[in-house]
Amino acid sequence: MSILHQVVGAVLRVRQDDSSDASDPGSSVTVDCDSGNDYDGRMGLRISSIFVILVGSLLGAVLPVWLGRSSRMRVNGTAFFIAKYFGSGVIIGTAFMHLLSPAFEALGSPCLPDGPITSYDWAAGICLMTVFLMFTIELLASRFDFFGHNHGDEAKVIDHSVDRNGARGTSMTDRDIESGSATKENTNVGGANGLPTDVSYPPGGEDHLGHQREHYENDSHAALAAQMTGLFILEFGVIFHSIFIGLTLAVAGEEFTVLYIVLVFHQTFEGLGLGSRLASAKWPSSKWWMPYLLGFGYALSTPISIAIGLGVRATLQPGSPKTMIINGVFDSISAGILIYTGLVELLAHEFMFNEYMRNAGLKVQLSALFCVALGCGLMAVLAKWA
């Protein structure tokens with residue numbers, strides 16, 4: 001008999017012993033299914049969390065927008081470059097470690113009653129359906145031209161080739177198109193410090209669908225609609241997560257202090273991920289208030305949910321089956337949204353389909369990837385506590 005067979009036989013015998021021990025009526029596992037909350041007072045400290053988290057969220061989500069538009073304070077491109085890619089990593093880390101993982105825990109809890117919710121892995125299923133739905137929406141939008149660009153008119157073909165002198169190819173049918181953006185792809189590929197100056201969101205330009213190279217100045221309304229679609233989806237994904245963690249913090253027990261500190265950093269970094277996108281987006285002058293509204297909406301979500309949680313602390317039951325199911329379902333949906341946005345709209349379009357990044361040097365690309373990894377890693381570390 002070979003050594004491999006001996007090893008396999010030994011493993012099988014160990015598994016049989018473990019299964020027989022588990023079936024022993026003398027051994028049992030106790031599961032605590034207390035549906036109440038662990039609120040233990042410290043009202044003053046809990047009230048302070050409303051304002052501290054509000055300030056941190058505002059710094060992350062609104063300050064980049066204000067700095068990017070302020071005429072008195074100018075932030076160099078390097079700072080926005082770091083914030084942009086760091087924020088992308090934060091969004092990806094949040095999707096997996098702060099949304100999908102808790103969704104598995106909530107929807108797979110042994111405290112849930114037997115039924116359809118426990119007979120299937122709904123956390124993964126809902127997340128998968130959300131990702132597929134996101135892709136389907138974008139596919140239909142690009143196919144049926146919801147954003148105002150006619151993809152079906154094959155007579156109007158634009159030659160996007162660039163010669164050695166940096167001149168763009170001309171339109172085969174409409175030469176007036178090129179007058180508005182004749183050098184859109186090849187201008188400002190790199191700034192003085194070697195970093196690409198394209199920090200727009202959605203990545204690579206104004207179009208959420210990644211086909212921005214076919215949109216020009218006369219498509220401003222369509223570009224704005226596509227841009228707002230991407231940002232509203234991102235906002236939706238982070239706000240629902242912020243609401244639930246605020247309710248959890250409001251009635252946390254002995255772990256409140258650690259959770260308090262972690263959530264301050266968590267909301268600040270997550271706000272930075274959103275704020276860097278809002279700051280780098282191209283907003284028309286008539287919509288100057290929109291990025292501030294979205295930033296304030298995110299910043300207020302957790303403080304308001306903390307206040308609500310404190311107000312209903314006597315009846316709030318975060319461990320009840322109903323609450324866990326609701327929390328798990330919304331976490332799964334938000335995870336699907338942020339996974340799709342982070343991996344497709346941010347990583348893929350930033351590094352693979354963005355003309356500016358493709359033309360950048362390896363040092364710039366690795367710097368951007370390091371910022372993404374740093375943001376993702378920090379959120380993964382914070383997931384140990386929240």
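In this predicted model, Ala103 belongs to helix α4, which covers residues 77-107. Ala103 is buried because its relative accessible area is 0%, and the cut-off for that class is under 20%. Setting aside residues up to four places away in sequence, Ala103 touches Ala123, Gly328, Asp331 and Ser332. Ala103 also lies 9.3 Å from Ile333, C-alpha to C-alpha, although 230 residues separate the two in sequence.

**Overall architecture**

The protein contains twelve helices and zero strands, and its pattern along the sequence is accordingly written α-α-α-α-α-α-α-α-α-α-α-α. Of its 386 residues, 42% count as buried. Where contacts join residues at least 6 apart in sequence, 79% of them connect residues at least 24 apart.

Helix α9 comprises residues 290-311, while helix α10 comprises residues 321-351.

| Helix | Residues in helix | Span between end C-alpha atoms | Expected span |
|---|---|---|---|
| α9 | 22 residues | 31 Å | 32 Å |

For α9, the span is close to the expected value at 1.5 Å a residue. In α10 the bend is about 25 degrees and is located at Thr341.

**Aromatic and charged side chains**

A pair of aromatic rings is described by the distance of the centres and the angle of the planes. The count of aromatic pairs in this model is ten. In one of them, the ring centres of Phe244 and Phe330 are 5.9 Å apart and the planes meet at 40 degrees, so the pair is tilted. This pair links distant parts of the chain, since Phe244 is in helix α7 (residues 220-250) and Phe330 is in helix α10, 86 residues away. Phe244 is buried, with a relative accessible area of 16%, whereas Phe330 is partly exposed at 28%.

A further tilted pair is formed by Phe265 and Phe269, with 6.3 Å between the centres and 40 degrees between the planes. These two residues lie four residues apart in helix α8 (residues 256-280), and therefore about one helical turn separates them. Phe265 is partly exposed, its relative accessible area being 44%.

Which residues do ring pairs link into a cluster? The cluster consists of Phe236, Phe240, Phe244 and Phe330. The tilted pair of Phe244 and Phe330 described above thus belongs to this cluster.

A charged group also meets an aromatic ring in this model: the charged end of Arg46 sits over the ring of Phe256, at 4.5 Å from the ring centre.

Most residues other than glycine have a negative phi. Arg42, which is not a glycine, has a positive phi of about 55 degrees. Where does Arg42 lie? Arg42 is found in the loop between α1 (3-22) and α2 (43-61). Its relative accessibility is 33%, so Arg42 counts as partly exposed.

Definitions and conventions: Residues are numbered from 1 along each chain as its sequence is written. This is a predicted model: local features need pLDDT of at least 70, side-chain atom pairs count only at pLDDT 80 or more; totals for chains, interfaces and linings use all residues. Side-chain values use heavy atoms; hydrogens and water are left out. Rings of Phe, Tyr and Trp (its six-membered ring) pair if their centres lie within 6.5 Å; planes under 30 degrees apart count as stacked, over 60 as edge-to-face and the rest as tilted. Buried means under 20% relative accessible area, exposed over 50%, partly exposed in between (1.4 Å probe, protein chains only). A charge sits over a ring if NZ of Lys or CZ of Arg is within 6 Å of the ring centre and within 35 degrees of the ring normal. Contact means heavy atoms within 4.5 Å. The bend at a residue is the angle between axes fitted to the seven residues ending there and the seven starting there. The expected span of a helix is 1.5 Å times one less than its number of residues.
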